[in-house]
Amino acid sequence: MKSLILYRSEYGSTEQYAHWIQEALSSDLDRFDNLGKYNIEDYDLVIVGEGVYAGKLKTPKQLIPIMEKYPDKKYIFFMVGIADMEDQENRKNLYGDLTKAMGNAIEKTKVFFLRGALDYSRLNFKHKTMMWMLVNYLKRKPEKDLPKDADKLISTYGRRVSFIDKDSIKPLIRYVNGESSE
Ligand SMILES: Cc1cc2nc3c(=O)[nH]c(=O)nc-3n(C[C@H](O)[C@H](O)[C@H](O)COP(=O)(O)O)c2cc1C
């Protein structure tokens with residue numbers, strides 16, 4: 001199966017995962033911004049990866065017209081975020097974020113969740129400000145009203161945390177190789 005991986009990564013986590021997936025599948029690989037360089041007709045499978053920021057994703061806007069133009073291709077989307085991806089509630093929320101961005105196209109997309117990293121020293125001004133606002137908002141909330149993982153977000157604020165794990169791409173690889181439907 002000939003596959004193309006296109007990724008959008010601000011700080012490198014999604015890029016790292018995209019490279020590992022490329023190694024495993026011998027896919028073609030590029031930044032999502034270079035989508036226009038590729039003839040999708042040449043591929044059986046398109047894999048798109050993106051890091052999620054405040055529940056938002058930028059690639060679906062350009063991906064949807066491609067999916068409409070090539071409805072017989074297979075599509076995989078892998079979302080990278082700092083949330084604990086073993087937690088079903090987090091997955092449900094992230095899937096909801098992607099559904100908002102993709103609309104009906106989500107039905108034709110197999111979705112995987114991979115855990116990324118946060119390095120405050122590398123964040124741009126906008127992202128630093130967003131995290132500062134979020135953490136201050138959370139700190140003001142009574143403990144009983146805090147959303148899941150909020151305590152970890154507060155306690156790791158300003159530091160570098162990484163949950164990047166090469167093994168977590170295995171379900172995606174198994175799925176592409178037809179070894180599982182998950
Ligand atoms: C401002 C900001 C907002 C974020 N929002 C979310 C979020 O809504 N959900 C989540 O799981 N991770 C969130 N993250 C974490 C990023 O998705 C994570 O750092 C990811 O590894 C980024 O991928 P990249 O390195 O490829 O850019 C956020 C990070 C920042 C800096």
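**View 1. Lining of the largest pocket.** Its lining residues divide into 22 nonpolar, 12 polar and 11 charged. Ala, Val, Leu, Ile, Met, Phe, Trp, Tyr, Cys and Pro count as nonpolar, Asp, Glu, Lys and Arg as charged, and the others, Gly among them, as polar. The model is predicted: local features need pLDDT of at least 70, side-chain atom pairs 80 or more, while totals for chains, interfaces and linings use all residues. Numbering runs from 1 along each chain as its sequence is written, and side-chain values use heavy atoms, without hydrogens or water. Helix α4 gives the largest share of this lining, six residues (helices are DSSP runs of H or I, at least four residues; strands of E, at least two; both numbered from the N terminus).

**View 2. Main nonpolar core.** The largest nonpolar core has 26 residues (buried Ala, Val, Leu, Ile, Met, Phe, Trp, Tyr and Cys joined through side-chain atoms within 4.5 Å; buried means under 20% relative accessible area, 1.4 Å probe, protein chains only). Ile40, Leu63, Tyr75 and Phe77 are among those with the most contacts inside this core. α2 gives the most to the core, four residues.

**View 3. Surroundings of Tyr75.** Tyr75 touches, among others, Ile40, Leu45, Leu63, Tyr70 and Lys108, not counting residues up to four places away in sequence (contact means heavy atoms within 4.5 Å). A second, separate core of 18 residues includes Ile5, Tyr7, Val80 and Leu114.

**View 4. Strand β5 at the second largest pocket.** β5 gives the most to this lining, with six residues. The lining residues divide into 10 nonpolar, one polar and seven charged.

Methods
Buried < 20%, exposed > 50% of the residue type's maximum accessible area, 1.4 Å probe, protein only.
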